[in-house]
Amino acid sequence: MVPRKLFLLLSVFLLALPVFGQQQTPPKPKPRVIVVGVNGMELDMIRPLLLKGQMPNLASVIERGAYGKLRTVSAPNCPRVYSTLFTSTYPEEHGVTGFIVGGITANTNMLKQEPVWSMLSKGGITVGMANVPATFPVMPVNGYMISGMLTRGKNCEDGVLCAPKLSEVMGGDAVYPKSMQPELLKKVGDFYIDCERMPAAGDLKGHETELIDKWLGKVQVIREQQTRLFDYLLTEHPTDFTFLAQSCEDRTGHWLYPITPFNVGYNPSVNNVRLDAFPNQYIAFDKVLGAILKHVDENTYLVIFSDHGIKPLREFEEKDPHAHMDHEKTTPVIAKHDFADGDDVPGSFFAMGPGIKHDLRLMGLAASVYDVSPTLLHIYGIEQPKHMRGRILTEIFESSGDKVAVKK
Ligand SMILES: [Zn+2]
């Protein structure tokens, strides 16, 4: 038995050790984490594609990691869920309760709780973010930030579900630090910051096939631009923590979900034209993932998540005063995700990296959007602030008792 006094003395000595150690050896490299957000990817939609081998990159992540459904919030939509994920607090607590808050398009000035990128920056972690929804105007980080969905600009004055080009941004900065903007314009090009706005019902009438194909073509152009941007950032501006997002998948689902005649809103002239348009978005996403995977080695954590799923409209929700809070506008919408019961439209979660279990399926809805930030902080050994509502997803790690695997 060690006498209590001696134990205390030993503790003080051991605590002092790292201070001396730091002077002699260079600091340990920080874990490298890449997070990829996909807007509206439900496991039920992608399972057939995985089985058919049409999403080989995501399949390889599943094989090497843990995955499952991700519980989301009630009436989920991007700004609401992403801000919940950033802060691990309830929408009423962080303030970004939807696309429009108090008559104004949701923006980062409304965020009342500290987001994870700010906590990481303070912890000395270098942070890089691109195209992440609800990050406009950009905030200072220990690295760079390029905004995503809800960026305002030319032909997209309200910032809601439209796509200004980088040079067309108005009403705030889309790039931090500002000096990075000319570099991006030169090296990557004048890319669209968000996905394309959906066409109006009036414009579609009589030109359905032509307009659907034109719109899908533009979506693919935007996806290719984003892939080039991600590749450039990961190559030229590597950071400890990188957060990238895509948002075209969800938008395609809202009006081109492969519904059948018994679904609400079925219109054969629109819904029979490109039956594969929605699943094809995930096949295209898988190629983006392939480009990102080139930057992932065995010491890199990769987290892929979707903020919510998407389902065809239901008659009874049409009478709900909160129905169609997301993408109605003028497009004939046939599927949505802002159902009062968020469990109807769960997101999805995939994680791989040092110390993360292989081929582990998370059953039910045990993991939630509240848990993502606490788990990311855990990887960096940063203590979860008490006000956070989520928990560390300890079950995905080989040894839950371990402080977390650190890059060697
Ligand atoms: Zn949506």
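Reader: How do you know that the length of helix α12 agrees with its residue count?
Author: This is a predicted model, and the check is computed from it. Helix α12 covers residues 277-293, 17 residues in total. At 1.5 Å a residue, it should span 24 Å. Its end C-alpha atoms are 24 Å apart, so the two values agree.

Reader: What makes α12 mostly covered?
Author: Buried means under 20% relative accessible area. In α12, 15 of the 17 residues are buried.

Reader: Why is strand β5 called largely enclosed?
Author: Five of the five residues in β5 (residues 127-131) are buried, so the rest of the structure largely encloses it.

Reader: How do you know that β5 pairs with β6 and with β8?
Author: Pairing takes at least two bridges. β5 and β6 (residues 143-148) are joined by five and run parallel. Val127 stands opposite Gly143 there. With β8 (residues 241-246), β5 has four bridges, also in the parallel sense. Met129 has Phe243 of β8 as its bridge partner.

Reader: Why is Asp338 called buried?
Author: The cut-off is under 20%. Asp338 has a relative accessible area of 2%, so it is buried. Asp338 lies in the loop between β11 and β12.

Reader: What makes Asp338 and Lys336 a polar contact?
Author: The limit is 3.5 Å. Their side chains are joined at 3.1 Å.

Reader: Which kinds of residue line the largest cavity?
Author: Four are nonpolar, five polar and one charged. The lining includes Asn131, Met149 and Asp194. The volume of this cavity is about 30 Å³.

Conventions
Residues numbered from 1 in each chain as written. Predicted model: local features only at pLDDT ≥ 70, side-chain atom pairs only at ≥ 80, totals over all residues. Heavy atoms only, no water. Helix = DSSP H or I, 4+ residues; strand = E, 2+ residues; numbered from the N terminus. Buried < 20%, exposed > 50% of the residue type's maximum accessible area, 1.4 Å probe, protein only. Polar contact = N/O pair within 3.5 Å; in protein donor to acceptor, adjacent residues only side chain to side chain. Expected span 1.5 Å × (residues − 1). 1 Å grid on protein atoms, 1.4 Å probe; cavity = no way out; pocket = protein on both sides within 12 Å on 5 of 7 lines; lining within 4 Å. Points joined across faces, edges and corners; volume = space filled by probe spheres on them. Nonpolar A, V, L, I, M, F, W, Y, C, P; charged D, E, K, R; others polar.
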